Amino acid sequence: MKKKILIHDIAKHLDVSIATVSLVLNGKAKEKRISDVLAEKVLKYVEEVGYKPNQLAKSLRTGKTHVIGLVVEDIANPFFATVAGLIEKKILARGYRIIYCSTNDDTAKTRDLLTMFQERHVDGYILALPDGVETDVRALVRSGKPLVLFDRELAGVLANAVVVDGAQGMYEATQHLLNQGFTSVGMVTLQAGQAQMQARLQGYAQAMQELHLPELVLEIAFQQEREQIIAQIQAFCQSNPECNALLFATNYLGVYGLEALSRLGRRIPEHMAIVSFDDHDLFRLYSPTITVVAQPLEAMAESIISTLLKALEGPVETGRSTQLQLAPQLIVRESSIRVPEKTRSKTSRTKA
């Protein structure tokens, strides 16, 4: 078996101190005035022998693991999967690794995950958490651990946060439908106290109240099976035959909504206009294409990383935090454009 190369072996072979080799490998050669020639000599030999530093020993020595903990609601959800992928790409380029976990909106599971990350001594946290863990997160903030909340904030928790203005996004989407002539607009959302869901509902309600129009809201309980959700959307549409437009608070509800309408034989947008919060590959490929309120995923990932790195690389100031609110974009596609009456009548006769 090939003997493992140690830092001691490198120092002995090059006739330099262990400290010199360590400083070069940690990128501190210039800071400690080690000559470029010697630094290059160390790096070249390290590459030749294939030396791999012991990460555990290094973390014990430096107090840094260069690992970031990312906790989201559901890593399988296209929104979280995309954001996680962008974050991983950007964080790897800066010398960090990342561990993903899903909470499934379960408070007890979330507490266990936060405890696990503390035991693993991760350097920082990127968190999209359910309600009920505010005390745990406040304790993390007090301990000086760098963290960034994203997608949703937690009530009473003063921490770095990067969120999207969901209220404005859903307000503009509702106005768009109303301007198209859809006067009975409903909204399908989650039965949750999450800040981002409340904001989206608030934006819808504001637009409807400004025109003194009745609100039609279906709240879906979290963690239900696909068929249960589809059945509830079908029942909602049947109970509100006057409803001619639907907003969905998140993309997977939008996907289930499309299936529910298909089973009911409702054509989009002739019978029902559709807008979903969060884009999805299916929405661009579906016929007709689906209008969405798109979150700026690249900008969100970059803002999360830059905020976290600032906290990782500088002293954490108690009571100081960075809060960023990004603007979403309404992308109008075919599903929300009102079909002229003549065209609708002609289509109906043709299909008949």
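What follows is a chat about how to read a few features of this predicted model.

Me: Before we start, what should I know about the numbering and the model?
Reply: Residues are numbered from 1 along each chain as its sequence is written, and side-chain values use heavy atoms, with hydrogens and water left out. This is a predicted model, where local features need pLDDT of at least 70, side-chain atom pairs count only at pLDDT 80 or more, and totals for chains, interfaces and linings use all residues.

Me: And the labels with H and E, what are they?
Reply: They're DSSP runs numbered from the N terminus: helices (H or I, at least four residues) and strands (E, at least two).

Me: Okay, helices. Which residues of H1 are buried?
Reply: Buried means under 20% relative accessible area, exposed means over 50%, and partly exposed is in between (1.4 Å probe, protein chains only). In helix H1 (residues 7–14), the buried ones are Asp9, Ile10, Ala11 and Leu14. Their cover includes H2 and H3.

Me: How do I describe two helices, say H2 and H3?
Reply: Two packed helices are described by the angle between their axes and the distance between the axes. Axes are lines fitted to C-alpha atoms, for helices over the stretch in contact, and angles run from 0 to 180 degrees between N-to-C directions. Here the axes of H2 (residues 18–25) and H3 (residues 36–49) come within 10 Å and cross at roughly 85°. That makes H2 roughly perpendicular to H3 (under 35 degrees counts as roughly parallel, over 145 as roughly antiparallel, 65 to 115 as roughly perpendicular and the rest as oblique).

Me: Which residues make the contact of H2 and H3?
Reply: On H2, Thr20, Val21, Val24 and Leu25; on H3, Leu38, Ala39, Val42, Leu43 and Val46. They divide into eight nonpolar, one polar and no charged.

Me: Now sheets. In what order do the strands go in the sheet with E5?
Reply: Strands of a sheet pair through backbone hydrogen bonds, either parallel or antiparallel. Two strands pair if DSSP finds at least two bridges between them. Six strands form an open sheet here, in the order E2-E1-E3-E4-E5-E11, with parallel pairing. E2 (97–102) and E11 stand at the edges with a single partner strand each, so one side of each has no neighbour in the sheet. On average, neighbouring strands are turned by 15° against each other, direction ignored.

Me: How many bridges join E5 to E4, and how many to E11?
Reply: Three bridges join E4 (residues 147–150) to E5, and four join E5 to E11 (residues 323–326). Val162 in E5 stands opposite Phe150 and also opposite Leu324 in E11.

Me: Which way do the side chains of E5 point?
Reply: In a regular strand the side chains alternate between the two faces of the sheet. Asn160, Val162 and Val164 point one way from E5, Ala161 and Val163 the other way, and all are buried. With five of five residues buried, E5 is largely enclosed by the rest of the structure. Helix H13 lies across E1, E3, E4, E5 and E11, at about 175° to E5.

Me: What is the strand order in the other sheet, the one with E7?
Reply: It's an open sheet of six strands, E7-E6-E8-E9-E10-E12, with mixed pairing. Five bridges join E6 (residues 185–190) to E7, and these two run parallel. Thr189 stands opposite Glu219 in E7.

Me: Last one: where is Gln295, and is it buried or exposed?
Reply: Gln295 lies in the loop between E10 (291–294) and H13 (297–313). Gln295 is buried, with a relative accessible area of 9%. A polar contact of 2.6 Å joins its side chain to that of Asp278. A polar contact is a pair of N or O atoms within 3.5 Å; within protein, one must be able to donate a hydrogen and the other to accept it, and residues adjacent in sequence count only if both atoms are side-chain atoms.

Methods:
Contact means heavy atoms within 4.5 Å. Ala, Val, Leu, Ile, Met, Phe, Trp, Tyr, Cys and Pro count as nonpolar, Asp, Glu, Lys and Arg as charged, and the others, Gly among them, as polar.
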